[in-house]
Amino acid sequence: VANDLSNDSLAATQKVIKQNIPHLRVETCYANFLDKDSPLLNYKGANVILTGCTVSNITAYDGNMPVNELVSYLKTIGQILGDDGNLVITQDTNQDKASLIAAYHGPFQSFFTDMLYRLKAYLGIDTFDPSALELEPIWDAQCHLLAITCMNKQDQTIQVQGRTIHLPKGRRLYIANCYKYPAKDFLHMAR
């Protein structure tokens, strides 16, 4: 069972497994693994695959690695799977600042801008210019964190759902945390 909150990621995972292990039956489950009524509870004793983003984006950045939260998360996964289940986790262990920033800055910028345009249309925000937000990933080697941030390149006043939000030029916005634990640290937390 491959689990993720991204149907695209699930489809890609299923395709790779089928290409490399054609005799293995692979099911996908679009769900939050930790929901108390998660459909994954129907797969006790199964082999479950979690992609790295599932465990990489835990908690808000406070200058410390969220070790306790990750360990708690992994224990909950173990309880859901039971004694007969197996868990496979993909985790990006890259610690090279230049390649990480290049990976998230280049292709991710188009994805991010497209997402903002969709949000603008969905919320009916006429006063917002998504192209004024430029991704600026920040690498914190001590915490093994690539913080996905964006910089507002122009003054904007946004009207949304009866609220006025002023984004001054130069305002940094935090979007997501992508923890890139070294393999030895991640294995230690998973035990």
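## The chain as a whole

The model is predicted. Its chain has 191 residues, and 36% of them count as buried. Five helices and ten strands make up its secondary structure.

The accessible surface of the chain comes to about 11,300 Å². Carbon and sulfur atoms account for 52% of that surface.

Helix α4 covers residues 97–123. The helix is bent: at F108 the angle is about 50°. Just after the helix comes G124, with a positive phi of about 65°.

Several residues of α4 are buried: L100, Y104, Q109, F112, T113 and L116. What covers them? The cover includes four strands: β5 (133–135), β6 (138–140), β7 (145–152) and β10 (172–179).

L119, Y122 and L123 form a nonpolar surface patch. Its area is about 340 Å². Y122 belongs to helix α4.

Is Y122 buried or exposed? Y122 has a relative accessible area of 73%, so it counts as exposed. The cut-off for that class is over 50%.

Strand β8 runs over residues 156–160. Q156 lies in this strand. Its relative accessible area is 4%. Buried means under 20%, so Q156 is buried.

A polar atom of the Q156 side chain lies 2.7 Å from the backbone nitrogen of D129. D129 is also one of the residues in contact with Q156.

At a relative accessible area of 41%, Q159 is partly exposed. Which residues does Q159 touch, leaving aside neighbours within four places in sequence? They are I125, T127 and T164. I125 is 34 residues away in sequence, yet the C-alpha atoms of Q159 and I125 are 6.5 Å apart. With T164 there is a polar contact of 3.0 Å between the two side chains.

## Salt bridges: two separate pairs

How many salt bridges does the structure hold? There are six. One of them joins the side chains of E27 and R25, with N and O 2.5 Å apart. E27 is partly exposed, at a relative accessible area of 28%. R25 is exposed, at 69%.

Another pair is K180 and D92, whose closest N and O atoms are 3.2 Å apart. K180 lies in the loop between β10 and α5 (183–190), and D92 in the loop between β4 (86–89) and α4, so this bridge ties together parts that are 88 residues apart in sequence. The two partners differ in cover. K180 is buried, with a relative accessible area of 3%. D92 is partly exposed, at 31%.

## A salt-bridge network

K153 and E136 meet through their side chains in a salt bridge of 3.4 Å, N to O. This pair links distant parts of the chain. K153 is in the loop between β7 and β8, while E136 is in the loop between β5 and β6. The two residues are 17 apart.

K153 counts as partly exposed, at 37% relative accessibility. E136 is partly exposed too, with a relative accessible area of 22%. Which residues are linked in the network of salt bridges? E136 and K153 are linked there with R172.

## In brief

Helix α4 bends at F108, and strands including β5, β6, β7 and β10 cover its buried residues. The bridge between K180 and D92 joins two loops.

How values were computed. Residues numbered from 1 in each chain as written. Predicted model: local features only at pLDDT ≥ 70, side-chain atom pairs only at ≥ 80, totals over all residues. Heavy atoms only, no water. Patch = residues over 30% accessible without salt bridge, like charges linked within 9 Å, V, L, I, M, F, W, Y side chains within 5 Å. Areas by Shrake-Rupley, 256 points an atom, 1.4 Å probe, with all protein chains shown as cover. Salt bridge = Lys/Arg side-chain N within 4 Å of Asp/Glu carboxyl O. Buried < 20%, exposed > 50% of the residue type's maximum accessible area, 1.4 Å probe, protein only. Bend = angle between axes of the 7 residues up to and from the residue. Contact = heavy atoms within 4.5 Å. Polar contact = N/O pair within 3.5 Å; in protein donor to acceptor, adjacent residues only side chain to side chain.
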